[in-house]
There are 2 protein chains.
Amino acid sequence: MEFETMAGLKRTHMCGQLTAANQGETVTLTGWVARNRKLGGVNFVTLRDRTGIIQLAFNDQSDKKVFEKSEQLKSEYVIAAVGTVLLRTPENINPDMKTGEIEVFVSELRILNGAETPPFYIEENIDTNDALRLKYRYLDLRRPDMQRNMILRHKVAKLARDYFDEHGFLELETPMLTKSTPEGARDYLVPSRVHPGSFYALPQSPQLYKQLLMLAGYDRYFQIARCFRDEDLRADRQPEFTQLDMELSFTDIDTIIEINEGFLKKLFHDVLNLDIQTPFQRLPYAEAMERYGSDKPDTRFEMEFVNISDAVKNCGFKVFTQAIEQGGSVRCIVAKNLGDKMTRKTLDQLAEYVKTYRAKGMAWIVVEKDNLRSQITKFLSETEIQDILDATGAQPGDAILIIADKNNIVYDALGNLRLEVARRFDLIDKTKFNFLWVTDFPLLEFDEEENRYVAKHHPFTHPVDEDIPKLKTTPGEVRAKAYDIILNGTEIGGGSLRIFHTDLQEQMFEALGFSKEEAWERFGFLMEAFKYGTPPHGGLAYGLDRLVMLLAGCDSIRDVIPFPKVQTAAELMNGSPSPVDQKQLDELGIAVTVKPEKENEQK
Amino acid sequence: MEFETMAGLKRTHMCGQLTAANQGETVTLTGWVARNRKLGGVNFVTLRDRTGIIQLAFNDQSDKKVFEKSEQLKSEYVIAAVGTVLLRTPENINPDMKTGEIEVFVSELRILNGAETPPFYIEENIDTNDALRLKYRYLDLRRPDMQRNMILRHKVAKLARDYFDEHGFLELETPMLTKSTPEGARDYLVPSRVHPGSFYALPQSPQLYKQLLMLAGYDRYFQIARCFRDEDLRADRQPEFTQLDMELSFTDIDTIIEINEGFLKKLFHDVLNLDIQTPFQRLPYAEAMERYGSDKPDTRFEMEFVNISDAVKNCGFKVFTQAIEQGGSVRCIVAKNLGDKMTRKTLDQLAEYVKTYRAKGMAWIVVEKDNLRSQITKFLSETEIQDILDATGAQPGDAILIIADKNNIVYDALGNLRLEVARRFDLIDKTKFNFLWVTDFPLLEFDEEENRYVAKHHPFTHPVDEDIPKLKTTPGEVRAKAYDIILNGTEIGGGSLRIFHTDLQEQMFEALGFSKEEAWERFGFLMEAFKYGTPPHGGLAYGLDRLVMLLAGCDSIRDVIPFPKVQTAAELMNGSPSPVDQKQLDELGIAVTVKPEKENEQK
């Protein structure tokens, strides 16, 4: 097939921009053929570009050659068309189509490129297998819903840049080829050719560089930064992801929160036309755990925890009393008005569900009009039952779901049960956007595997001042000047004020079990830097992919990343990662020590 | 030393923002102590932040404790100060200081952090050794001139994003972990843990992805993108650098040029307050070589080439006639009014200089009032001499500098000689910003080492349509739809229209000496993609670092990159690249095959 060029033509409009107001104008359009239908001797060709679709018409009034050429057009052919905008007759108006009042009568048509039949339809919300979508990502990205997602992503990034620029933040680029600091997730490494045996690491975040920029006096920094973690991928993770990252000097937590509430308010207003209320609720970590068993509670529905340990501490039900005796607790949620729906089968399924979270089981009391339905009331006295009803405020029609165990298991199992009940019985108002700050996180948590404390956020987080002495005595009780921002039960960002004195940073590394030598070997350049006039500073980072995903109403961050990778960290389109030439390895002074998998196997 | 916090204080102004208009206001400032001088019982402390410096005053009116605390302040201490803005008495006004009309009488002072004496002064334009500056980059970046550079960089990036957004470009992120395609520069590789023996490559540019985005219908894309090339570093190269990258569909060269001239006009206006004239001159490659011997000519001065081959083709000077007989040429430049300065010593130095560019020597004729000074006129007839004078238009006082050789050596040597003469005799007007498009590049150039044609730009560049048949016959003569943008003799960007048909892309790889199988193995995903409706498209990319460097008036891109690397691709601050734990290598299934250098040696 011989193709034509656009020589002498220049596009005048995008397809989706035309309206009845353009009636009578001569326009030059370009794009992809969506459909070509013949109806009563007329060829109707729908033309698609990034902005939408428009109908082109060819009929017996058309130049014969143009008409004949229009008959050759197949789906996804690339064309340019010159024509006149005409109003459709009333019976032909298509109210479902943005440009449905008009069509373009074509006087000149050029076929710029042909197209083989695509492996799937270029339409919205197609049900195609993921691997095929990703192999032909360039076609998947041509679908209007994916285009909307990508355009949304551009808008979010642009709006963030405008907002933070207006608030005095400088976008400064930090290195991608940096130093491996094996504290945190696994690094991606890059062998050095000039220094054989040495490696760069790709950054897990710009954390240290942004702190150094504060030290260097830049006052307010932000960056939309690519970050890398070589972890086994869960559904919603990517080996490379994007952070909206910021850092401020001479700041307190309130200032950081205020600036970011302003950002989110503007974002939701400009992108979703939605007014969200600020300031957001702030919930200390301990309270979040007590009430929701989670440091990222979904507050679009209630069903908060009730601690009934006091009511049952002397009861005849060993599961309860033993949990309490071993330092644990007995807690429950009340499923309001769901008593009827809590059939034995459903209750058994929920009891099975909580085992995923290491709970040994779930007890339940369904409050009916005249009696209680329960497997445990036989172990309880009248008073104990009454105390439970008083504590929970449960009314006829309600169901009380109870977990007894060590506290961390109770939190986890009951917190997830709360979410499961909400999902199962459709208690979540999907139109709500509930924002929440969780504050006062523990600074450290004990890692059983490593048998030492590890940083809950990262080792640069500032302890709450009054807790600093506990670093040496009871490190598990030290609170951090850290905060996460939660939207509808998803953590969309987090941050902290940072340590900015060398001696406190040394104490922190000591609490993490590093010898002074180890600490200086790994992070010496930072602790050295702290000596030369470091301002108090702190910051925050959003997971941009996840934020855009929530704004777009998607279920996976894959749908808001142009070229994502699959669970095995492979890209199906170009087949990376892939074997390389021996010469490349020789130059780097490295060798592959394992037998390579067969190419593309399991990817 | 015990430090204080900012509890209860909130900064009201940045130091450089205050003016006489703030007289009488109570302000809270933060920053670094630049100097602390005692004069007649008054302590004058200059406080510095990103916006500038201001003088704080402490005297016998001060609270005694505040005064005593002010005596402790040393350079680079971090402080917060509350005080009143006062006008200085006329004799104390400092006209060299932006805030020189005022000072702040301090009522409350907090020392937030101390500072050891920095290894160099935190002042403008200090003369410190580069290695020290880079090791303590966070202090180097605190110097006001470096801060101006970084702020300028932020402004340039912001302005680019605003401009291209307004012109319908979407900023879309392309992957950093991508596929190694060994055509072009050397890739940085990233070993895959999940697929042992396989590697990702860091992108040399987003070239293929941006083309796929055009295929996917995004119409106009741009990105400020990090790129990587593992090449031996020259003075002005970095292993990671930043491109301002764009791509357009359904475009011609004129549209791309027009959009970019608009961008540069706005950039120079908004950043330097300078009006540059558009449209810029366009010069075909062949003409640029004929006139300047360079595809990036500096047109701020003239001294264009004159071809005097015809005049000397039969002369008695063997060097000239042999060059012409062997297909070369004899060309010269005229150094106007520099005859007097062309002493024998200078001429010998210039003759030595051209040898760097493989010229065997330089001939010269200095036109004096009554005679010619030259080492070669004795070999020339009167007519030949007159023909040279006529061709060059040389007048008494001028010097004619001549190179005879193969054409590519003449171009290179004489082109560089032209620049050297201009530098040496200060012929360049440094206030000029001369922009220039060079067009119609050769598509291919012959690589002697590889004994095959290689792409002058890259293998995706579209040939000029009428030259396509020559791809099979005389590939060296095929011109490309490529263009570079030159500023004052520096290439600041370049681009091309791209191939968008599978068969032409196959022909191109064939011309590069790839078998069909090799081409499909490496770039199959792209050629497969081309089958599904690829629009005509093209684009351009700027070297952002270099552009900012020229705008900032710096000599090195290091001065506009926050954390650059040195010539050995090492970062002196954190010591990367560095050895990693054996466990990390084992997980990746690789081993180091060379004896590692001693750590930090030669970095």
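**Close-up views of a two-chain predicted model**

**View 1. Strand β23 of chain A meets strand β23 of chain B.** A:A591 stands opposite B:A591 in β23(B). The two strands, residues 590–592 in each chain, run antiparallel and are joined by three bridges. Helices (H or I, at least four residues) and strands (E, at least two) are DSSP runs numbered from the N terminus, and two strands pair if DSSP finds at least two bridges between them. This is a predicted model, in which local features need pLDDT of at least 70, side-chain atom pairs count only at pLDDT 80 or more, and totals for chains, interfaces and linings use all residues. Residues are numbered from 1 along each chain as its sequence is written, chains are lettered from A and ligands numbered from 1 in the order in which they are written, and side-chain values use heavy atoms, with hydrogens and water left out.

**View 2. Chain A and chain B bury about 11,400 Å² between them.** Buried area is the accessible area (1.4 Å probe) that two parts lose on being put together, summed over both. Of this area, 58% is on carbon and sulfur atoms. In chain A, the residues that lose the most area to chain B are A:E173, A:F250 and A:Y532, together 7% of what that side buries. Contact (heavy atoms within 4.5 Å) links 129 residues of chain A with 129 residues of chain B.

**View 3. A salt bridge joins A:R193 and B:D230 across the two chains.** The closest N and O atoms of this pair are 3.2 Å apart. A salt bridge is a side-chain nitrogen of Lys or Arg within 4 Å of a carboxyl oxygen of Asp or Glu, and the interface of chain A and chain B has 18 of them by this rule. The same interface has 76 residue pairs in polar contact, both residues at pLDDT 80 or more. A polar contact is a pair of N or O atoms within 3.5 Å; within protein, one must be able to donate a hydrogen and the other to accept it, and residues adjacent in sequence count only if both atoms are side-chain atoms. Helix α4 (residues 144–166) of chain A gives the most to the side of chain A that touches chain B, with ten residues.

**View 4. Eight strands of chain A form an open sheet with mixed pairing.** The order is β6-β9-β10-β22-β21-β20-β17-β11. At the edges are β6 (170–171) and β11 (281–284), each pairing on one side only. Strands β9 (residues 220–228) and β10 (residues 240–249) of chain A pair in the antiparallel sense over nine bridges, and A:F222 stands opposite A:M246 in β10(A). Helix α5 (residues 207–215) of chain A lies across β9, β10 and β22 (537–543), at about 20° to β10(A). Axes are lines fitted to C-alpha atoms, for helices over the stretch in contact, and angles run from 0 to 180 degrees between N-to-C directions.

**View 5. B:N434 sits in the loop between α12 (407–424) and β17 of chain B.** A polar atom of the side chain of B:N434 lies 2.9 Å from the backbone oxygen of B:T299. Leaving aside neighbours within four places in sequence, B:N434 is in contact with B:T299, B:R300, B:I486, B:L487 and B:N488.
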